[in-house]
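Colleague: I've got a model open and I'd like to learn how to read it. Could you walk me through some features?

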Amino acid sequence: MKIVDGHCDALTKLYQNDKLEFNQDVLELDVSFPKLKQAGVKIQCFAIYLSESIANPNFEHILQMVDIFHRKIISHPQMRFVRSASDWLDVEQTQEIGAILTLEGMDALAGNLTNLRILDYLGVRCAGLTWNYANWAADGIMEQRKGGFTKKGKLMLKEIETMGIIVDVSHLSVAGFWELAEVYKKPFIASHSNAYELCPHPRNLSDDQIKAIIQCKGLMGITFVPYFLENLKTTVEISAILKHIDHICALGGESQIGFGSDFDGIEQWVKDLRHVGDYGNIIEALCKNYTESQVEAFLYGNWRNFMLRNLPQ
């Protein structure tokens, strides 16, 4: 079965350690070409995330990561940059793996909408508005004041509606989520978030938030972060992922479910899901609990349908 994975931080690791190579099956990378091939991943999203280790992140850091994306990932002869719906369809006709470039947190844009437009020109296709804390645009989910969008952030929302960039609400504050849901005219995603009702971590989404994503015909990427699946135990099993899928289906979101592993952004793993090459283990569990058409939709079809509707044509 083909797979779409909506979020990983392999690009950050490649940025932090120039000796790492995407084309090698190394322990340090959860997502590498050999592991993607092993799993049958057809489309992988690669996030530009500037970690807190960078004291003063700026747009130059983002451009450096775009450069690494091209030099180390897209340069592989069996990888293809996906910037449009037609690119996606082209990848489906080959043995190549598609790579979508995304942004996790707008801090380094420094409120400059020209920088945002440049990222659109460069092919960034999804943008998380914040990481956990506040930036110039909005508050993140861990910001204690629990605010929403700034004035400049609201202007940014109007601007992004004119672009080929999809808004990602993972990490956004609750107030920001509802401000966006009220004024934003396009579908949006939560690339790597789970259900708060089952695991009350701030990064997870309430039932009302999940229903808002369903209503706008967005998409929710179930993530494999153990402490977003269950109140942290010694071991979290794959069965915990299925509980979140069941819960979202019960809310009417069967067609809005995909996966966004967060591989390479985590230091704890679900049992038998240590890296992207282990997707076969979750496929096995899914096939025991859902129909073949449902499994194919969760793994690939739902992301495909959403992206073909919302990527530039």
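Colleague: Let's start with the strands. Which residue in β2 stands opposite Val4?

Modeller: Keep in mind that this is a predicted model. Val4 faces Ile43 in β2. That pair belongs to the parallel pairing of strand β1 (residues 3-5) with β2, which has three bridges.

Colleague: With which strand does β2 pair over six bridges?

Modeller: With strand β4 (residues 97-104), again in the parallel sense. To find your place there, look at Cys45, which stands opposite Ile100 in β4.

Colleague: How are side chains arranged along a strand?

Modeller: In a regular strand they alternate between the two faces of the sheet. Now the case here: how many residues of β2 are buried? Eight of the eight residues in strand β2 (residues 41-48) are, and the strand is mostly covered. For β5, five of five residues are buried, so the rest of the structure largely encloses that strand.

Colleague: Is Asn135 buried or exposed?

Modeller: Asn135 has a relative accessible area of 10%. The cut-off for buried is under 20%, so Asn135 counts as buried.

Colleague: And what does the side chain of Asn135 reach at 2.8 Å?

Modeller: The backbone nitrogen of Ala137. A polar atom of the Asn135 side chain also lies 3.0 Å from the backbone oxygen of Leu129. Leaving out residues up to four places away in sequence, Asn135 touches Met106, Asp107, Leu129, Thr130 and Thr150.

Colleague: Let's move to helices. How do I describe two that pack together?

Modeller: You give the angle between their axes and the distance between the axes. Take helix α11 (residues 279-289) and helix α12 (residues 292-310): their axes come within 9 Å and cross at roughly 145°. The crossing of α11 and α12 is right-handed.

Colleague: Which residues of α11 meet α12?

Modeller: Tyr279, Ile283, Leu286 and Cys287 do, and on the α12 side they meet Val295, Phe298 and Leu299. Sorted by class, the α11 and α12 contact has seven nonpolar residues, no polar ones and no charged ones.

Colleague: What about α4 and α12, at what angle do their axes cross?

Modeller: Helix α4 (residues 85-92) and α12 cross at roughly 145°, with axes that come within 9 Å. This crossing of α4 and α12 is left-handed. From α4, the residues Ala85, Trp88, Leu89 and Glu92 meet Tyr300, Trp303, Arg304, Met307 and Leu308 in α12. That contact divides into seven nonpolar, no polar and two charged residues.

Colleague: What sits in the loop between α11 and α12?

Modeller: Thr291 is in that loop. Its relative accessibility is 42%, and Thr291 counts as partly exposed. The side chains of Thr291 and Ser293 are joined by a polar contact of 3.2 Å.

Colleague: How do I compare distance in sequence with distance in space?

Modeller: Pick two residues and look up both values. Thr291 and Thr223 are 68 residues apart in sequence, and 21 Å apart in space from C-alpha to C-alpha.

Colleague: Which residues in helix α8 are buried?

Modeller: In α8 (residues 207-215), they are Asp207, Gln209, Ile210, Ala212, Ile213 and Ile214. The buried residues of α8 pack against α7 (174-183), β7 (189-190), β8 (219-222) and α10 (239-250).

Colleague: One last topic, phi. What should I expect?

Modeller: Most residues other than glycine have a negative phi. Now look at what follows α8: Lys217 has a positive phi, near 60°. Asp264 is not a glycine either, and its phi is positive, about 70°. Asp272 also has a positive phi, near 70°.

Colleague: Where is Asp272 placed?

Modeller: Asp272 is in the loop between β9 and α11. Asp264 is placed in the loop between β9 (257-259) and α11 too. Check their accessibility as well: Asp264 is buried, with a relative accessible area of 7%, whereas Asp272 counts as partly exposed at 44%.

How values were computed:
Residues are numbered from 1 along each chain as its sequence is written. This is a predicted model: local features need pLDDT of at least 70, side-chain atom pairs count only at pLDDT 80 or more; totals for chains, interfaces and linings use all residues. Side-chain values use heavy atoms; hydrogens and water are left out. Axes are lines fitted to C-alpha atoms, for helices over the stretch in contact, and angles run from 0 to 180 degrees between N-to-C directions. Helices (H or I, at least four residues) and strands (E, at least two) are DSSP runs, numbered from the N terminus. A crossing is left-handed if the near helix is turned anticlockwise from the far one by less than a right angle, and right-handed if clockwise. Contact means heavy atoms within 4.5 Å. Ala, Val, Leu, Ile, Met, Phe, Trp, Tyr, Cys and Pro count as nonpolar, Asp, Glu, Lys and Arg as charged, and the others, Gly among them, as polar. Buried means under 20% relative accessible area, exposed over 50%, partly exposed in between (1.4 Å probe, protein chains only). A polar contact is a pair of N or O atoms within 3.5 Å; within protein, one must be able to donate a hydrogen and the other to accept it, and residues adjacent in sequence count only if both atoms are side-chain atoms. Two strands pair if DSSP finds at least two bridges between them.
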